[in-house]
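I kept each entry brief and noted what the terms mean as they came up.

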Amino acid sequence: MEEGTSKSPSNCASTVDYGDADPFQWDTREDCQVRQILDRVADKWSLLVIALLEHRRLRFTELRREIDGVSQRMLTVTLRQLERDGLVKRTVHPVVPPRVEYELTPLGGTLHATIQSLVTWTEEHQREIAQAREAYDNRESVQAR
């Protein structure tokens, strides 16, 4: 680690000047975990879990039923990672058989608001993106001839 470099991940954003910043600066600093956190929260399974847990608690089987295509193992890994990051709370009820529920923590709730903004942007611009894709695909097919 370079001399004078703080081990605190909170310092990574304070040195960024967005006017002249290298967009990958956060990716190369040893003390910054932004890439790791973005990889976690931007994962498709994490996004779906966070969206489903807005304002409600769900059991594992309910989550698995709602998330098309997720395997039991992948959902387990995703939930453990989100719990480790403090975004999801796991509650085990002492009954037979044990009942386990998942819900967003207050921190997870703030992330949900950010995800909702991204979903809203996507919904508002999906036609433009579809048109751009079609134009690109048509251009590529003409060039391939």
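I take contact to mean heavy atoms within 4.5 Å, and I take helices (H or I, at least four residues) and strands (E, at least two) as DSSP runs numbered from the N terminus. I noted that this is a predicted model, in which local features need pLDDT of at least 70, side-chain atom pairs count only at pLDDT 80 or more, and totals for chains, interfaces and linings use all residues. Residues are numbered from 1 along each chain as its sequence is written, and side-chain values use heavy atoms, with hydrogens and water left out.

**Entry on H3 and H6.** I looked up which residues meet here, and found Leu 47, Ile 50 and Ala 51 of H3 against Gly 108, Leu 111, His 112 and Ile 115 of H6. The contact of H3 with H6 divides into 5 nonpolar, 2 polar and no charged residues (Ala, Val, Leu, Ile, Met, Phe, Trp, Tyr, Cys and Pro count as nonpolar, Asp, Glu, Lys and Arg as charged, and the others, Gly among them, as polar).

**Entry on H6.** I found Gly 108, Leu 111, His 112 and Ile 115 of H6 to be buried, that is, under 20% relative accessible area with a 1.4 Å probe and protein chains only. The buried residues of H6 pack against helix H2 (34-41), helix H3 (44-52) and strand S3 (99-104). I also noted that H6, residues 106-144, bends by about 60 degrees at His 125, the bend being the angle between axes fitted to the seven residues ending there and the seven starting there.

Conventions:
Buried means under 20% relative accessible area, exposed over 50%, partly exposed in between (1.4 Å probe, protein chains only).
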